[in-house]
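Student: I have a model to look at and want to go through how its helices are arranged. Can we take it step by step?
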Amino acid sequence: MMTRRIADILKSGQPDESVKVQGWVRTKRELKEFAFVEVNDGSSMANLQVVLNPDLADYGTIIKQLNTGASVEVEGVLVESPAKGQRIELKASSAKVFGEADPETYPLQKKRHSFEFLRDIGHLRSRTNTFGAVFRVRNACATAIHKFFQERDFLWIHAPIITASDCEGAGEMFTVTGFNLDKVPRTEKQEIDYTKDFFGRPAYLTVSGQLEAEIMAMAFSNVYTFGPTFRAENSNTSRHLAEFWMVEPEMAFCDLQGDMDLAEEFLKYIFNYVLENCPEDMEFFNQRIDKSVLETADNIINNQFERLTYTDAIKLLEKADKKFEFPVSWGLDLQSEHERYLAEEKFKKPVIVTDYPAKIKAFYMRLNDDEQTVRAMDILAPKIGEIIGGSQREERLDVLEKRIETLGIDAETIWWYLDLRRFGTVPHAGFGLGFERLVQFMTGMANIRDVIPFPRAPLTVEF
Ligand code: ATP
Ligand code: MN
């Protein structure tokens with residue numbers, strides 16, 4: 001008999017159907033006449049209740065083995081459940097235990113465990129309700145992202161993980177080396193001799209796939225990256241990981257307007273998809289993790305995002321009858337409290353702020369005619385703050401060269417990036433979305449380490 005997933009049985013299984021399930025025991029209840037075992041196979045939040053009768057072969061032995069955490073295969077017949085809260089249950093005709101779990105030492109007991117404790121047992125935490133829901137929703141988010149872009153004919157490109165360019169923020173990159181660190185070759189001046197290293201020069205783990213996405217957009221028009229990126233920032237926050245996934249679409253023949261339109265449609269699409277495909281998990285988050293999860297999703301799906309310039313945003317913040325901790329003044333970056341004021345209090349819906357001062361944005365953003373601001377856009381969401389950052393890119397060689405020089409960036413290290421402006425340059429734009437931040441916002445999970453299966457952060461690399 002084919003194994004059936006428990007989610008499918010709970011949804012569409014009918015009385016008298018014969019089924020086989022495989023999974024892990026969540027709880028066991030022994031009564032005089034029979035025993036109940038709740039089995040979960042990861043396909044849904046809800047367990048399948050299995051009823052075992054003493055006429056089962058080896059009943060005594062099997063019941064002793066079926067403790068929380070044990071792996072089991074059960075065959076039997078579905079029957080209507082007399083119990084409240086479940087439509088159907090499985091009357092076992094045979095049961096086989098694959099592996100027992102000693103109740104004295106199995107760390108996951110029926111009581112609620114703290115997320116801190118569960119991080120210490122990262123090899124087992126996925127068997128809990130919360131992490132089951134998190135990783136199903138994470139999977140749905142990833143599926144929605146690919147569906148969204150593939151339906152629109154975007155090419156998924158695989159940006160390299162190892163890179164030689166350090167264009168984004170200096171000093172936050174992990175070095176990749178083939179050196180034996182006990183015997184690092186030195187030059188006569190006692191500097192590290194990278195010419196003898198694996199790549200013949202310093203190499204790093206990438207912090208972003210954007211520059212490579214730009215290369216590919218200049219051949220395929222519309223592309224996106226979706227892959228791991230790395231930051232060696234030693235910040236122990238609930239929003240930063242050393243290894244995280246990033247989504248970066250890049251569109252040729254596209255301006256800031258088109259970029260914003262796509263980003264808005266994109267966010268709405270993902271939230272819609274997850275609500276449709278993981279309703280029980282989302283309900284769980286709303287009840288148990290953060291009471292505003294469904295409201296936030298609804299707010300994103302059903303509102304047209306407000307759009308305003310950075311300059312107008314500053315004017316609004318200056319006029320606000322609210323005390324901010326950080327100063328508000330043209331030229332300074334918006335802090336999280338300012339972003340949340342705009343989205344949560346002023347407009348009560350997602351806000352797209354555009355045309356930031358050039359000084360606080362990256363070198364590749366397109367300079368406006370005022371020569372003070374650039375064609376950047378950040379999307380700020382209620383309860384969330386910044387969720388997407390993007391821009392129209394500078395496609396004019398002379399302007400880009402001037403900007404690079406002003407910022408003191410070595411043009412030789414990105415000669416190929418400048419070449420894209422030399423040969424067939426076009427207006428183009430894109431944005432970046434931190435995937436784990438999205439999953440945090442979607443689920444209401446407070447700590448970013450709890451939305452990635454195996455978090456990498458300072459001193460955290462066990463599993
Ligand atoms: P922050 O100010 O929060 O550190 P950032 O300005 O460094 O973010 P970007 O360089 O613009 O972020 O990176 C693009 C996106 O990647 C961010 O909007 C965010 O969603 C995500 N991101 C950045 N750093 C991290 C990190 N260390 N861990 C997880 N996600 C991150
Ligand atoms: Mn950062």
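Tutor: Helices (H or I, at least four residues) are DSSP runs, numbered from the N terminus. This is a predicted model, where local features need pLDDT of at least 70, side-chain atom pairs count only at pLDDT 80 or more, and totals for chains, interfaces and linings use all residues. Residues are numbered from 1 along each chain as its sequence is written, and side-chain values use heavy atoms, with hydrogens and water left out.

Student: What does Asp255 reach at the start of H6?
Tutor: A side-chain oxygen of Asp255 comes within 3.2 Å of the backbone nitrogen of Gln257.

Student: New topic. At what angle do H4 and H13 pack?
Tutor: About 120°, with the axes of H4 (residues 129-151) and H13 (residues 435-443) 10 Å apart. Axes are lines fitted to C-alpha atoms, for helices over the stretch in contact, and angles run from 0 to 180 degrees between N-to-C directions. H4 and H13 are therefore oblique to each other; angles under 35 degrees count as roughly parallel, over 145 as roughly antiparallel, 65 to 115 as roughly perpendicular and the rest as oblique.

Student: Which residues make that contact between H4 and H13?
Tutor: From H4, Val137, Arg138, Cys141, Ala142 and Ile145; from H13, Phe435, Glu436, Leu438, Val439, Met442 and Thr443. Contact means heavy atoms within 4.5 Å.

Student: And where do H4 and H7 stand, in angle and distance?
Tutor: The axes of H4 and H7 (residues 279-288) cross at roughly 125° and come within 9 Å. H4 and H7 are therefore oblique too.
Tutor: On the H4 side the contact has Asn129, Thr130, Ala133, Val134, Arg136 and Val137, and on the H7 side Asp281, Met282, Phe284 and Phe285.

Student: Last pair: how do H5 and H12 cross?
Tutor: At roughly 30°, with the axes of H5 (residues 210-220) and H12 (residues 415-422) coming within 11 Å. That makes H5 roughly parallel to H12.

Student: What meets what there, in H5 and H12?
Tutor: Gln210, Leu211, Glu214, Ile215 and Met218 of H5 meet Trp416, Tyr417, Leu420 and Arg421 of H12.

Technical notes:
Chains are lettered from A and ligands numbered from 1 in the order in which they are written. Helices (H or I, at least four residues) and strands (E, at least two) are DSSP runs, numbered from the N terminus. A polar contact is a pair of N or O atoms within 3.5 Å; within protein, one must be able to donate a hydrogen and the other to accept it, and residues adjacent in sequence count only if both atoms are side-chain atoms.
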